[in-house]
Amino acid sequence: GLHRCSDLPDTGDRTVLYPRGMPDDLAPVAVFAYRRPGHLDRTLAALAADPGAQATSVTVFCDGAKGPDDADAVAQARAVARAARGFASVEVIERPRNMGLAANVIDGVTWMLQEHDRVIVLEDDMVVSPDFLGYMNSALDIYADAPEVVSIHAYMYPTQRQLPQTFFLRGADCWGWATWRSGWATFRPDGRALLRELEDRGLTDEFDFDGAFGYTQMLRDQVAGSVDSWAVRWYASAFLAGKLTLYPGRSLVENIGLDGSGTHSRGTRGLGTAVGSMGVLERIDPVEDQGARAAVAEALRSQSTPRSRWAGRVRRRWPR
């Protein structure tokens, strides 16, 4: 695993994770939580088991309760956050009111990047591999000066295809990711403007991975107020800007929130995957990998409903 690479040499054209031993500090991690104390406990425990955890500062953004029915679970989640150990430091931000996931994430990532030049982002249902922090920090270092690269992602969709160690896809993603201050500057919160540009430029089919998944409809739902999604706007912002995100060939994150407990877990159960490992991280050219894109499209299409596929065909023929 990556955490065992301290005795390996720096080969110049390759970057070995922690090649000269553990650094004094790594990129800070922001964790976003609400009312799932059990999920949050597993997320923080897995992160603390990463060999880089003791050099990592963690900030947990705990959203407020919507009402009396949520108050006890919210209080329990905050207690789990305050009890977290095994990190360089832990700060808990307790929101005084319910902001909703999108506002909590957007505000929290923005705040973190006012204080730091990079950040790693998790939600309270992401169980990470022991290689997670090594991969994220090394990739953040490797591509820090690549203007085409907007973010680093740790989750990979389940696929039977053989994929390279890492690859690039156009856009951005949300299940265990990282970015720089310059990358987050790409984010545009106005979903209506993003949707209009996608339609005007005739990009909705490509945005939907050639009709494999209804991201355009998700953006329409966000504009209509029926979905509170920051992630589809992050994806659209990066996609329209022509930016790329680095993915691992094997997922370094398992989403344990596909059990119906999450706000937006409906329709994503088929995307669950166990965590893998990563070896020596090699720099690759920042170009979209068409084979990997096809593999992701297959994974997305395999868990789309017949109705959603039919709707995608209709939207491709009559996009308005």
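**Core, sheet and helices in a predicted model**

Colleague: Of the 95 residues in the largest nonpolar core, which touch the most other members?

Modeller: This is a predicted model, and its largest nonpolar core holds 95 residues. In soluble globular proteins, nonpolar side chains tend to be buried together. Helix α9, spanning residues 231–240, gives the most to this core, with 8 residues. The members that touch the most others are Phe132 and Ile152.

Colleague: How many of the residues of β7 are buried?

Modeller: A residue counts as buried when its relative accessible area is under 20%. By that cut-off β7 is mostly covered, and the number of its 5 residues that are buried is 5.

Colleague: In the open sheet formed by 8 strands, which are the edge strands?

Modeller: The order of the strands is β4-β3-β2-β5-β9-β7-β10-β8, and the pairing is mixed. An edge strand of this sheet pairs on one side only. Neighbouring strands are turned by 25° against each other on average, with direction ignored. The edge strands are β4 (89–94) and β8 (166–170).

Colleague: Which helix packs on the sheet, touching β3 and β4?

Modeller: The strands touched are β3, residues 57–62, and β4, and the helix has a direction that makes about 160° with that of β4. The helix covers residues 68–82 and is α2.

Colleague: Which residue in β3 does Ala33 stand opposite?

Modeller: Strand β2, residues 29–33, pairs with β3 in the parallel sense over 5 bridges. Of the 6 residues of β3, 5 are buried, so this strand is largely enclosed by the rest of the structure. The residue of β3 that stands opposite Ala33 is Cys62.

Colleague: Within what arc do the buried residues of α8 fall, seen down its axis?

Modeller: Helix α8 covers residues 215–224, and its buried residues are Tyr215, Thr216, Leu219, Arg220 and Gln222. Seen down the axis, these buried residues line one face of the helix, because they fall within an arc of 160°.

Colleague: How many of the residues of α9 are buried?

Modeller: The buried residues of α9 include Arg233 and Ser237 as well as Trp234, Tyr235 and Phe239. Just after this helix, Gly242 takes a positive phi of about 70°. Helix α9 is mostly covered, and the number of its 10 residues that are buried is 10.

Colleague: In the loop between α7 and α8, is Phe209 buried or exposed?

Modeller: Most residues other than glycine have a negative phi, and most peptide bonds are trans. Phe209 lies in the loop between α7 (204–207) and α8, and its phi is near 50°, a positive value in a residue other than glycine. With a relative accessible area of 6%, Phe209 is buried.

Colleague: What is the relative accessible area of Asp210?

Modeller: Asp210 is also placed in the loop between α7 and α8. Although Asp210 is not a glycine, it has a positive phi of about 55°. Asp210 is partly exposed, and its relative accessible area is 42%.

Colleague: How far apart in space are Ala299 and Ala212, C-alpha to C-alpha?

Modeller: Ala299 lies in helix α10, residues 290–302, and is buried, with a relative accessible area of 5%. Ala299 and Ala212 are 87 residues apart in sequence. In space, C-alpha to C-alpha, the two are apart by 8.4 Å.

Colleague: For the chain as a whole, what percentage of the 320 residues is buried?

Modeller: The chain has 11 helices and 12 strands. It exposes about 14,200 Å², of which carbon and sulfur atoms supply 47%. Of the 320 residues in the chain, the buried ones make up 53%.

Note on methods
Residues numbered from 1 in each chain as written. Predicted model: local features only at pLDDT ≥ 70, side-chain atom pairs only at ≥ 80, totals over all residues. Heavy atoms only, no water. Buried < 20%, exposed > 50% of the residue type's maximum accessible area, 1.4 Å probe, protein only. Helix = DSSP H or I, 4+ residues; strand = E, 2+ residues; numbered from the N terminus. Arc of directions from axis to C-beta. Pairing = 2+ DSSP bridges. Axes fitted to C-alpha atoms, helices over the stretch in contact; angles between N-to-C directions. Contact = heavy atoms within 4.5 Å. Core = buried A, V, L, I, M, F, W, Y, C linked by side-chain atoms within 4.5 Å. Areas by Shrake-Rupley, 256 points an atom, 1.4 Å probe, with all protein chains shown as cover.
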